[in-house]
Amino acid sequence: MYKIKTFNQISVKGLERFSREKYEIGSDIGHPDAILLRSHKLHNLVLPDSVLAIGRAGAGVNNIPIDEYSAKGVVVFNTPGANANAVKELVLAGMLLSCRGIKAGIDHVTTLHAMDDPAELHKTLEAQKKQFAGIELKGKTLGVIGLGAIGSMVADMALALGMQVVGFDPALSIEAAWRLSSDVQRAENMQALLAKCDFVSIHVPAIKPTIHMINQEALSHAKPGLILLNFARESIVQPDAIAKALDKGTLRTYVCDFPEPIFFGRDDVIAMPHIGASTAEAEENCAIMAAEQIIDFIENGNITNSVNFPAVSMARVDGQRIIFSNENVPKVLGSVLSVLADHNINVLDMMNKSRGDLAYNILDIERTNADGVISAIRQLEHVTSARLID
């Protein structure tokens, strides 16, 4: 029986994916085969040697020591796109809040609570409503930085609202490109996008090339009065640069899901408490997706949506399956095949892929007593993990 240790409160819909005949699940599991979590920080956790995989029910993996786990051959999964619709809808709310005087109008109405005469209240509001006039989204131009699962949905939403959409994503995958509407215009670079858009929404991961990508230099190219929305990560923007751009009028409004002390007390900042993915549906989708990825990896060795290993998937054939990971250096696969040859084991099918410094392999073999083979593979230089799936 496989053991799954959980941190945080994981949606029941996700936990139900684990068959009770094959899996034991709980927060107090010792020596687990996999860990399923949301935002719990693992940096100070002494990882048991039994752990094969980490499933993050969400997109961000800042709470997981990726490099440390990669060196041990531990596969880390996340769930890109599972919360995309939730974030997309909050982006729309942010766009409307930033351009229609909604929040200021609501706040103003609360100051009139002492007016108990309905006629007087209505007359007062009618006279004062002009100060809360705004602009419409239709006909405006939205720039989308990052055209993955969330960014492409935001782009489609804006097109449906009658907006012009300009996109920029230097790391656009073929899959994402197929998903993207042909009506999305392409910007050559981020500066060109900032210069022509009324709204810009950011949807990139927090990785080294994107940290503080929205800085003073980038904002110097912005169209005056730009409304900037950040529902990606706080580290994507440089807070001081945002504040200065707001002071100059380069930015009209900054809408974000990540409050910073420097923004407190500003009427031109709409800050939310990191609720982009906080819907029941998103939490269910993330838990289901993470659970299914862990199950497929444990039972078949397939990898989908890993942040540290290549995507590898191979249909099962009769026999047994050996999977192993290794440092991406020459001759490792040849050494493994030599071990199999020495044990008179015939390979039926195989797949080998690499990602950066890591390589991952699936080998389907004829059914045999392969326990000694796995031990021999584990002892090979540069091999970081190996196991047999029967």
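## Q293, a buried residue

Q293 has a relative accessibility of 8%, so it counts as buried. The cut-off for buried is under 20%. This is a predicted model. Q293 sits in helix α11, which covers residues 280-300.

What does the side chain of Q293 make a polar contact with? Its partner is the side chain of N305, at 2.7 Å. N305 is also among the residues that Q293 touches once residues up to four places away in sequence are left out.

## S152 in helix α6

S152 belongs to helix α6. Its relative accessible area is 2%, so S152 is buried.

A polar atom of the S152 side chain lies 3.2 Å from the backbone oxygen of A149. S152 is also in contact with L147, R179 and L180, setting aside neighbours within four places in sequence.

## Helices α3 and α6

Two packed helices are described by the angle between their axes and by the distance between those axes. Helix α3 spans residues 84-99, and helix α6 spans residues 149-160. Their axes are 9 Å apart, and the packing angle is about 45°. That angle makes α3 oblique to α6. The crossing of α3 and α6 is right-handed.

Which residues of the two helices meet? From α3 come A84, N85, V87, K88, V91, L92 and M95. From α6 come A149, I150, M153, V154 and M157. By type, the residues of this contact between α3 and α6 are 10 nonpolar, one polar and one charged.

## Helices α12 and α13

Helix α12 covers residues 332-342, and helix α13 covers residues 371-378. How do their axes cross? They cross at roughly 150° and come within 10 Å. Angles over 145 degrees count as roughly antiparallel, and α12 is therefore roughly antiparallel to α13. The crossing of α12 and α13 is right-handed.

On the α12 side, the contact is made by V336, V339 and L340. On the α13 side, V373, A376 and I377 take part. The residues of the contact of α12 with α13 divide into six nonpolar, no polar and no charged.

Notes. Residues numbered from 1 in each chain as written. Predicted model: local features only at pLDDT ≥ 70, side-chain atom pairs only at ≥ 80, totals over all residues. Heavy atoms only, no water. Axes fitted to C-alpha atoms, helices over the stretch in contact; angles between N-to-C directions. Helix = DSSP H or I, 4+ residues; strand = E, 2+ residues; numbered from the N terminus. Parallel < 35°, antiparallel > 145°, perpendicular 65-115°, else oblique. Left-handed = near helix turned anticlockwise from the far one by under 90°. Contact = heavy atoms within 4.5 Å. Nonpolar A, V, L, I, M, F, W, Y, C, P; charged D, E, K, R; others polar. Buried < 20%, exposed > 50% of the residue type's maximum accessible area, 1.4 Å probe, protein only. Polar contact = N/O pair within 3.5 Å; in protein donor to acceptor, adjacent residues only side chain to side chain.
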